[in-house]
Amino acid sequence: MRLRSTVLLLAALVACQKQQGSGLVGADAKGPIVIGHVASTTGTEATFGTSSDRGFRIFFDELNAKGGIKGRQIKLVTLDDQGKPEEAATAATRLIASDHVTALLGEVASTRSLWMAPKAQMAHVPMISPSSTNEKVTAVGDYIFRACFIDAFQGFVMAKFAHETLKLSKVAILKDVRNDYSVGLAKVFAEQFTKMGGTIVATESFSQGDVDFKAQLTNIKAKSPEAIFEPGYYTDTGLIARQAKELGLAVPLLGGDGWDSEKLYEIGGAALEGSYFSNHYSVDDPSPRIQAFVAHYKQVTGLVPDSLAAQAYDAAGMLADAMTRAPDLSGPSIRDALATMKNFAGVTGDISLDANRNPVKPAVVLKIGKGGKYEFVTRIQPE
Ligand code: PHE
């Protein structure tokens, strides 16, 4: 009899938690508001995780100094997923079940966000990815948000740039088939570039972590493209640039935000000069918000903030804004406040979320200049 009632009580508790989301646990507690961050702080995408974490911490340190939220301080708990999708899912589960986080931040890589998101959705813990651009991420459910534009737009931006600005008509594609971001962005680019009158003369594939791209590049060279669209991450991109040069393939590479890392030029060197990629912002943009952020970040870290740091700073700002407006800190209340976000003044632009919880924001195109310096080329607005 005793056992039976204990079991019933437990079942009732579980049901209650399920319904209200674990966010409510945090809301009732005193002490800090715990926020989880899942990031690749080691591995071949380590700069993605470390830069994002810096952006988050700079924001929360400033916020805590101003008194925090609802009189409570923010505590950020970061777990490293080593760049592995399964680890991202495990980290999300641990943050929800053991740390009882009020919200989740991360991941950067779309594939890893796609592994995390079902955990957040099931527990009704709001999740904001600062930089995952693949369309499917926020489609996982109504608790999943992002601070960046999506690849339908990013692919359009690079197709338009290739066609209108560079006046190219023949482009080859080299994509990472194990990366949802790369596959999705390659698809949109091909559709848009073809629609504009261009031709995709070759489509080749690789898998994250490959080190020899010569076979693919040789096939591409045989089709004489005027550029190669390569929407990969920085480590692979650096190696691809070098090997293309070695094969005498002297055309620019075009890519997306996944190139952004201080390691890109360290790996690819001069072979990258003259290539172009789309990104979330430019540190050279005279916008006062950007200049204030860049100056503050430099002062605190001694570094120049890449787009991941800026995007993380904005994602943290969105979360803080929603937590401030929400009547309480339960998962559902924060979710509802996030869903109605309009004209949030972010560093990377004004952020309004559409019905699918995606921001509508401009993108920039950057050129890799001498010594690896990013040169601002253009800013493209959503149509
Ligand atoms: N947009 C990339 C993705 O979805 C991640 C990324 C964003 C990487 C910004 C670098 C800079 O996978």
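An oxygen atom of the ligand lies 2.6 Å from an N or O atom in the side chain of Tyr233. This geometry belongs to a predicted model. The side chain of Ser110 also places an N or O atom by a ligand oxygen, here at 2.4 Å. On the nitrogen side of the ligand, a polar side-chain atom of Asp257 is found 2.8 Å from a nitrogen atom. The ligand has 330 Å² of accessible area on its own, and the protein covers 100% of that area.

## The shell around the ligand

Around the ligand there are 14 residues. Those that come nearest are Ser110, Ser131, Thr133, Tyr233 and Asp257. Three of these have been described above through their side chains: Ser110 with its 2.4 Å distance, Tyr233 with 2.6 Å and Asp257 with 2.8 Å.

By residue class, the shell consists of six nonpolar residues, seven polar ones and one charged residue. Both domain 1 (2-148 + 288-361) and domain 2 (151-279) contribute to the shell, with at least three residues from each.

## The cavity

How many cavities of 30 Å³ or more does the structure hold? There is one. The largest cavity contains about 110 Å³ of space, and the ligand takes up the space of this cavity.

A total of 15 residues line the largest cavity. Nearest its centre lie Val108, Ser131, Asp257, Gly258 and Leu308. Ser131 and Asp257 are also listed among the residues that come nearest to the ligand, and Asp257 has the polar side-chain atom at 2.8 Å from the ligand nitrogen.

## Composition and domains of the lining

The lining of the largest cavity divides into six nonpolar, seven polar and two charged residues. For the shell around the ligand, the corresponding division is six nonpolar, seven polar and one charged.

Which domains supply the lining of the largest cavity? Domain 1 (2-148 + 288-361) and domain 2 (151-279) each provide at least three of its residues.

Methods:
Residues are numbered from 1 along each chain as its sequence is written. This is a predicted model: local features need pLDDT of at least 70, side-chain atom pairs count only at pLDDT 80 or more; totals for chains, interfaces and linings use all residues. Side-chain values use heavy atoms; hydrogens and water are left out. A residue is near a molecule or strand if one of its heavy atoms lies within 4 Å of it. A polar contact is a pair of N or O atoms within 3.5 Å; within protein, one must be able to donate a hydrogen and the other to accept it, and residues adjacent in sequence count only if both atoms are side-chain atoms. Accessible areas come from the Shrake-Rupley method with a 1.4 Å probe; for residues, only the protein chains shown count as cover. On a 1 Å grid over the protein atoms alone, a cavity is a set of points where a 1.4 Å probe fits but cannot get out, and a pocket is an open set with protein on both sides within 12 Å along at least five of seven lines; lining residues have an atom within 4 Å of a point. A molecule sits in a cavity or pocket if more than half of its atoms lie within 2 Å of its grid points. Ala, Val, Leu, Ile, Met, Phe, Trp, Tyr, Cys and Pro count as nonpolar, Asp, Glu, Lys and Arg as charged, and the others, Gly among them, as polar. Domain bounds come from an automatic or database domain assignment. Grid points are joined across faces, edges and corners, and a volume is the space filled by probe spheres set on the points.
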